[in-house]
Amino acid sequence: MAAQAFHDRDGWVWMDGSFIPHRDAKVHVLTHALHYASCVFEGERAYGGVVFKSHEHSQRLHQSARILGFELPYSAEELDRVKRELVAKQGFSDCYLRALAWRGSEQMGVATARSDVHVAVSAWEWGDYFADKMKGIRLMIAPWRRPAPDCAPTNSKAAGLYMICTLSKHAAADAGFDDAMMFDWRGQVAEATGANIFFVRDGVLHTPTPDCFLNGLTRQTVIAQARQRGVEVIERAIFPNELATFSEAFLTGSAAEITPIREIAGLAFKPGAMCEQAMSDYAALTRRKNAA
Ligand SMILES: Cc1ncc(COP(=O)(O)O)c(C=O)c1O
């Protein structure tokens, strides 16, 4: 049976100031964001009905939009309230949320300074981002590289930056892999198509410096939790020829949470104690927040 299309569901979407039936959340074909990628978004999860790091996500949405030259007409606090209400209205406990902001159809053409800015938030129940996550996933090397910070607004969670992620993820799926690991324009290890990456060697965590890709909130959480435990975490340039020296590897992201890796392009990794610790610390934190 085909999976249920995302537009064809019951429930509610919050759009431009009000809750509307899910199926009515539509845009016009001349929407600037569709033609020129003037759209920014957030992917978030709620645990036990509470959105994890909601405010940080709302602030990042604002920052992403600002980098693309537009301001959101709703404050971060208002977005937090919307997310709370949306999760409650749908009766969800654990779910995924997608907040986005985009330039509308008031103007056509590359320049669009006067276009209205639209904002929407939707939510749905979503299990693990990767099937068979606990077995560890297999990554190939992406055919596309993360662009240099002067070639794209790399600090913005901008929809346009996901074009190369979709192409890379499709290439991975076609070759029988779960996802792709992307190098950056210098040839250094960067991240996966929708998550950051960590490696382990001799009890130390190594992760690429986020100087041309998203410094994920999950990444920051994992680093802080590891340091609290006294684990050394080194953020640095990581080169492809080092990969064989690492024993464990895992991905981090709001959707992927913490996902063990068992292969990168023929190199085997064994999900082990460091990855398990990160997973259990993250689970404890997301659950504790919800109890608060
Ligand atoms: C390309 C990319 N990198 C990293 C991340 C991880 O970010 P976060 O942990 O804030 O979800 C995401 C997910 O949002 C992503 O899409």
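Predicted model: local features only at pLDDT ≥ 70, side-chain atom pairs only at ≥ 80, totals over all residues.
View 1. An α-helix has 3.6 residues a turn, so residues three or four places apart point the same way. Just after H3, Gly-91 has a positive phi of about 75 degrees.

**View 2. The contact between domain 1 and domain 2.** The domain assignment of the protein chain gives domain 1 as 12–124 and domain 2 as 133–291. Their C-alpha centres lie 25 Å apart. Domain 1 puts 21 residues into the contact, and domain 2 puts in 14 residues. On the side of domain 1 that touches domain 2, S3 and H2 each supply at least two residues. S3 gives the most to this side, with eight residues. By residue class, the side of domain 1 that touches domain 2 has ten nonpolar, five polar and six charged residues.

**View 3. The shell around the ligand.** The ligand is surrounded by 15 residues, and the closest are Gly-216, Leu-217, Thr-218, Gly-253 and Ser-254. Helix H5 (217–228) and strand S13 (248–253) are the elements that give two or more residues to this shell. H5 gives the most, with three residues. The shell residues divide into eight polar, five nonpolar and two charged.

View 4. Most residues other than glycine have a negative phi, and most peptide bonds are trans. Asp-16 is not a glycine, yet has a positive phi of about 50 degrees. The residue lies in the loop between S1 and strand S2 (18–21). Asp-16 counts as partly exposed because 14 other C-beta atoms lie within 10 Å, which is in between the limits of 20 or more for buried and 12 or fewer for exposed. Glu-257 also has a positive phi of about 50 degrees and is not a glycine. Glu-257 is found in strand S14, residues 257–264. Is Glu-257 buried or exposed? With 22 other C-beta atoms within 10 Å, Glu-257 is buried.

**View 5. Ile-258 and its contacts.** Ile-258 is found in strand S14. It has 23 C-beta neighbours inside 10 Å and therefore counts as buried. Which residues does Ile-258 touch, not counting residues up to four places away in sequence? They are Val-222, Phe-250, Thr-252, Ala-278, Met-279 and Tyr-282. Ile-258 and Glu-248 are ten residues apart along the chain, and their C-alpha atoms are separated by 13 Å.

**View 6. Met-140 in strand S7.** Met-140 is found in strand S7, residues 137–141. Met-140 is buried because 21 other C-beta atoms lie within 10 Å. Leaving out residues up to four places away in sequence, Met-140 touches Ala-172, Ala-175, Phe-177, Ala-180 and Ala-265. The C-alpha atoms of Met-140 and Ala-171 are separated by 8.8 Å, with the two residues 31 apart along the chain.

**View 7. Helix H4 and the glycine after it.** Helix H4 has twelve residues, 163–174. From its first C-alpha to its last, H4 reaches 17 Å, close to the 16 Å expected at 1.5 Å a residue. Just after H4, Gly-176 takes a positive phi of about 85 degrees.

Notes: Residues numbered from 1 in each chain as written. Near = placed C-beta within 6 Å. Helix = DSSP H or I, 4+ residues; strand = E, 2+ residues; numbered from the N terminus. Nonpolar A, V, L, I, M, F, W, Y, C, P; charged D, E, K, R; others polar. Domains from an automatic or database assignment. Contact = placed C-beta atoms within 7 Å. Expected span 1.5 Å × (residues − 1).
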